[in-house]
Amino acid sequence: MNENNEYEIVHNYYLQADMLHETGEYENALSAISKALEMRPDEASFYDLRGLCQMHLGLYQNAIEAFDKAIYFESNHANAYNNRAIAKALLGRYDEALADFSYAAKFFKEFLKEYTIEPSRLAFWNDFMWMDTKAIFSFYNRGVTLMKQNKFEKAAVEFMTVISIDPQNLEAHHCLKSLQIVG
């Protein structure tokens, strides 16, 4: 098999897995991404997708291990940090989750700085920006985790950060409003 054919086959497995994941067919997506990983076992984004599928299937520890591999192969993979944090939070490991959300936010901020994108313009950039916007939600997820720990002032800062990036983010507005009621 020549290199172009192998790339096309692997790419097709990945696209199939991504589509299946998006439609909620997590077991089939997991099967497709596993085939892609058999051919390219060093691809961080493949492990990230594997972890997402496992997380949706309730296999949180397996998902964490997949996200660990994604981070091993790409140490600044913001989405893998964010997704691993979600899995840890679902297991009640909030302090570990906060650390991962912080890493995701750090890499996201570095991306913005590197490409000199003003955060207030990010909402307009999302439609054609190559970086997955899930990294933005590292701030939101960090806020939710802080709320679960009753750290309301710190949580409010995170939701305000989300709103500064995406003023239309209804979830962040809702959480911020609920914090004002609590506080």
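The model on the screen is a predicted one.

First, the chain as a whole. The protein chain has ten helices and zero strands. Along the sequence, the pattern is therefore simple to read out: α-α-α-α-α-α-α-α-α-α. The chain has 183 residues, and 40% of them count as buried. Its accessible surface comes to about 10,400 Å², and carbon and sulfur atoms account for 51% of that. If you take the contacts between residues at least 6 apart in sequence, 50% of them join residues at least 24 apart.

Now the helix pairs. Two packed helices are described by the angle between their axes and the distance between the axes.

Helix α1 covers residues 3–22, and helix α3 covers residues 44–56. What is the angle between α1 and α3 as they pack? The angle is about 30°, and the axes are 11 Å apart. α1 and α3 are therefore roughly parallel to each other. The crossing of α1 past α3 is left-handed. On the α1 side, the contact is made by Val10, Tyr14, Ala17, Asp18 and His21. On the α3 side, Ser45, Phe46, Leu49, Leu52, Cys53 and His56 take part. By class, the residues of this contact divide into seven nonpolar, three polar and one charged.

While we are at α1, look at Glu22. Glu22 is in helix α1. Is Glu22 buried or exposed? Glu22 is exposed, with a relative accessible area of 59%. From Glu22 to Cys53 is 31 residues in sequence, and their C-alpha atoms are 9.8 Å apart in space.

The second pair is α3 and α4. Helix α4 runs over residues 60–73. The axes of α3 and α4 come within 8 Å and cross at roughly 165°. Angles over 145 degrees count as roughly antiparallel, and α3 and α4 are therefore roughly antiparallel to each other. This crossing, too, is left-handed. From α3, the contact takes in Ala44, Tyr47, Asp48, Arg50, Gly51, Leu52, Gln54 and Met55. From α4, the residues are Tyr60, Asn62, Ala63, Ala66, Phe67, Lys69, Ala70 and Phe73. In terms of class, the contact of α3 with α4 has ten nonpolar, three polar and three charged residues.

Ala63 is found in helix α4, and it is buried, with a relative accessible area of 0%. Which residues does Ala63 contact, leaving aside its neighbours within four places in sequence? They are Gly51, Gln54 and Met55. Those three are among the α3 residues I listed for the contact with α4.

The crossing of α4 and α5 is left-handed. The α4 residues in the contact are Tyr60, Ile64, Phe67, Asp68, Ala70 and Ile71. The α5 residues are Ala80, Tyr81, Asn83, Arg84, Ala87, Lys88 and Leu90. Sorted by class, the contact of α4 with α5 has nine nonpolar, one polar and three charged residues.

From this pair I pick out Asn83. Asn83 is found in helix α5, and it is buried, with a relative accessible area of 2%. Apart from its neighbours within four places in sequence, Asn83 is in contact with Asp48, Leu52, Met55 and Phe67. Of these, Asp48, Leu52 and Met55 are listed on the α3 side of the contact with α4, and Phe67 is listed on the α4 side. Asn150 is exposed, with a relative accessible area of 56%.

Notes. Residues are numbered from 1 along each chain as its sequence is written. This is a predicted model: local features need pLDDT of at least 70, side-chain atom pairs count only at pLDDT 80 or more; totals for chains, interfaces and linings use all residues. Side-chain values use heavy atoms; hydrogens and water are left out. Axes are lines fitted to C-alpha atoms, for helices over the stretch in contact, and angles run from 0 to 180 degrees between N-to-C directions. Helices (H or I, at least four residues) and strands (E, at least two) are DSSP runs, numbered from the N terminus. A crossing is left-handed if the near helix is turned anticlockwise from the far one by less than a right angle, and right-handed if clockwise. Contact means heavy atoms within 4.5 Å. Ala, Val, Leu, Ile, Met, Phe, Trp, Tyr, Cys and Pro count as nonpolar, Asp, Glu, Lys and Arg as charged, and the others, Gly among them, as polar. Buried means under 20% relative accessible area, exposed over 50%, partly exposed in between (1.4 Å probe, protein chains only). Accessible areas come from the Shrake-Rupley method with a 1.4 Å probe; for residues, only the protein chains shown count as cover. Angles under 35 degrees count as roughly parallel, over 145 as roughly antiparallel, 65 to 115 as roughly perpendicular and the rest as oblique.
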